[in-house]
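Please keep the sequence and the 3D view at hand while reading the numbered points.

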Amino acid sequence: MLSIKNLTKTYKGGKTAVSHLNLEVEAGDIYGFIGHNGAGKTTTIKAVVGIIDFEEGDVHIDGISIKDDPLLCKSKLAYIPDNPDLYEYLTGIQYLNFMADIFHISKADREERIKNHCEAFELTSSLGDLISSYSHGMKQKLAIIGALIHKPDLLILDEPFVGLDPKAALTLKNIMHEMCDEGKAIFFSTHVLDVAEKLCNKVAIIKNGQLIASGNINELTKGESLESVFMEVVSNVETN
Amino acid sequence: MLKQIKQLTTLQLCNLFGLNEIRHTRDKGKKERYTLMTLVWLLLIAMLVFYIAILSNAFISLGMAEIIPIYLYTITCLVILMFSFFKASGVIFQMNSFEILVSLPLSKSAIIVSRFLTMYSTNLLLSFLVMIPGTIIYGLSVHPGLLFYIFSFIGTLFLPLLPMTLSTAIGTVITAIGSRMKHKSLASGGMIILFAIAVIIANTIVSNQSSMLTPDMLKNIAATVTSQIGALYPPAIWFGNAVLHSDILALFALVSLSAAVFILMAVIIQKYFLTICTALNATSTKNNYKLQSLSAASLLKALWQKELKRYFASSVYISNTIIGYLMMVLVPVALLVAGIDKMELMFQCPGMIEKILPLILGIIAGIMPSTSCSISMEGKNWWLAQTLPIKSKTLYDSKILTHLSVVFPFYLVALILSWIALKPSLLSTLWLILIPGVYILFSSVAGITINLLFPVLVWENETRIVKQSASTMVTMLIDFIICLPPIAAVFLLKNIPVDLIMGITLIVLALLTGILYTSNNRKPILRT
């Protein structure tokens, strides 16, 4: 579903944010992407979804290169940033309707999906208000609903659980499981190792722009906690 | 507290015009863009200084040297007034940074005073840019004493205070009233425009008194103009008296009034700061939405509707662009009211109005297109354009459509009124339709081109993007420059038929528009 090959991104000024990253996310995966602050998680994600350019490598979504056909790739994926800056001058329902128009969702489908997701996230009553009046968590929920409206094959999220209340976080986790059961894929970055451990079937650990461990979570942890594995792997890299 | 004020003001000023970013960024591309922007600003400043020098020399050659300080003082005050309207809510009453600062061991007064000082500093810069060239030209011509220069310097130091106070007060009241309305930005923008129209009409009434000039008054035109300016803005006369006649009482009155009004406003704002901030930043929520039937739209229509909402959600965006379109309508209104002959006499261009009106309307309509900052206005929302399956052509088309939707009603009214005023021939009617139309199209597309070259997607204050960004400045400059050749040709190349000049203008602009449009659409969505 998502294939990252030899991805390298160096910012102007010389900082190499990501170096020769290789990663595969298959259909049915909930793939956790973990690392310390400044490790390169957000840069990787932004390169995958087309926000930033990269010097080397390629990203394929469902076999299509993001460089060759970015529009087709973007129609298959949905991205939710860690701090979703939405169109504050729109109401919630206007934003969702706009997203549905972008993805050419039919009237009947959009009404049904908006109804279901907004009820699940308890956002229905606020849809008539301007997004500028929403709290951070409400904007997060709206961004999630907007991302799900076209039933993407690949959902990419950057720190999705920050700002969500416990009920909304549980709702999102359930949605992720449902998507994977349907053969879709989820790729998300997080600092919260507990969440990654319980939710993901695969993880990748990145440090200083380089992938230092990746694979099936059970094979990686071998019965230990993800936290201790993470600390050990990161320390080994520092020692080497 | 003085130390805190100094620290806070320095902090706010250190990134004036992006200086701190230029100093510390390692991004060579960014440095190059900033260098280019600096050159553009320097060019605009040079043009301003040149214009002031030419104007001052013109006054001297007409025997009206004593008008120079008064006129320049008034013009500077008006510019500060117009530019500072929205700075009040954006700079002085900005809550986000206030909340961060007030949690530190800083006095609230120091925070507020530092914001005023920041506004004052930028306005003072403008004041000096206008007053110094005029003062030098006057000095070289009239050879006044030392007191002239001393009083000019002191007067200029206090120049920004009154217009700043007035614009802060009016801008705050308008924003506060607008915040209570459903479409608050539209309401605020509308009130600003009404205010601007009132100023223009007042100025026109005052100027129209020249039609009632007697021969004696005409002999002493300088005094007549002085009294007209005095009717509009009395402090300018006090400044004039102070510098021209070394009238220390006039200087004292000017300084006292400016300082007193400013201090009074500062004290009121300090006392009611949080109340005013709350009123300005109030949002209402109903929290009672019930799902309704939704309608689907095409991609272009969806983007266009979103873009229109963006436009009407910003009062500074509305007022900055619509003022130009209003002027486009006011020109034929003036023709209808005053008559073509009188207008030609006033501007010393007999038989020319019918010929140049299409070009004049074109300049006015094209000078400030909304597209010139439409990409920058996306700001923090740009990630949506980058990650959604939207072609760059569709995105840019939606922005062009938005500009055209807003300008079209004004264009149509201006066209009808111009036709009624001029009763032109068939060919002249054609130019009246096509020339402003092609300028509008050109400016729409050029605005996108230039904004793609000078995008600013990280900003705190819309006013900076709409009024002060390199993109809007360069667009204005280019649109102005592109109008000059045909106007110059009409006036200077009298042996060339006007219809030929119009035809060439139409073809050249249409071609340029096509080239820029195609070029824009080939570029992918801007990556950050």
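1. The lining of the largest cavity draws at least two residues from each of strand E6 (77–80), helix H3 (92–102) and H5 of chain A, together with helix H20 (382–387) of chain B. Helices (H or I, at least four residues) and strands (E, at least two) are DSSP runs, numbered from the N terminus. This is a predicted model, in which local features need pLDDT of at least 70 and side-chain atom pairs count only at pLDDT 80 or more, while totals for chains, interfaces and linings use all residues. Residues are numbered from 1 along each chain as its sequence is written, chains are lettered from A and ligands numbered from 1 in the order in which they are written, and side-chain values use heavy atoms, with hydrogens and water left out.

2. The largest cavity has a volume of about 100 Å³, and among the 14 residues that line this cavity, the closest to its centre are Ala78(A), Tyr79(A), Met99(A), Thr387(B) and Leu388(B). A cavity is a set of points, on a 1 Å grid over the protein atoms alone, where a 1.4 Å probe fits but cannot get out, and lining residues have an atom within 4 Å of a point. The volume is the space filled by probe spheres set on the points, which are joined across faces, edges and corners.

3. Asp129(A), in the loop between helix H4 (107–120) and helix H5 (136–148) of chain A, is buried yet has no salt bridge, and the nearest side chain of opposite charge, Lys286(B), is 6.7 Å away. Buried means under 20% relative accessible area, exposed over 50% and partly exposed in between (1.4 Å probe, protein chains only); Lys and Arg count as positive and Asp and Glu as negative, with His and the chain ends not counted. The side chain of Asp129(A) does, however, reach the backbone nitrogen of Lys286(B) at 2.8 Å.

4. The structure holds 19 salt bridges over all chains, a salt bridge being a side-chain nitrogen of Lys or Arg within 4 Å of a carboxyl oxygen of Asp or Glu. One of them joins Glu378(B) to Lys306(B), with the closest N and O atoms 3.4 Å apart. Glu378(B) lies in the loop between helix H19 (353–366) and H20 of chain B and Lys306(B) in helix H16 (residues 299–312) of chain B, so the pair ties together parts that are 72 residues apart in sequence. Glu378(B) is buried at 4% relative accessibility, and Lys306(B) is buried at 3%.

Notes:
A polar contact is a pair of N or O atoms within 3.5 Å; within protein, one must be able to donate a hydrogen and the other to accept it, and residues adjacent in sequence count only if both atoms are side-chain atoms. On a 1 Å grid over the protein atoms alone, a cavity is a set of points where a 1.4 Å probe fits but cannot get out, and a pocket is an open set with protein on both sides within 12 Å along at least five of seven lines; lining residues have an atom within 4 Å of a point.
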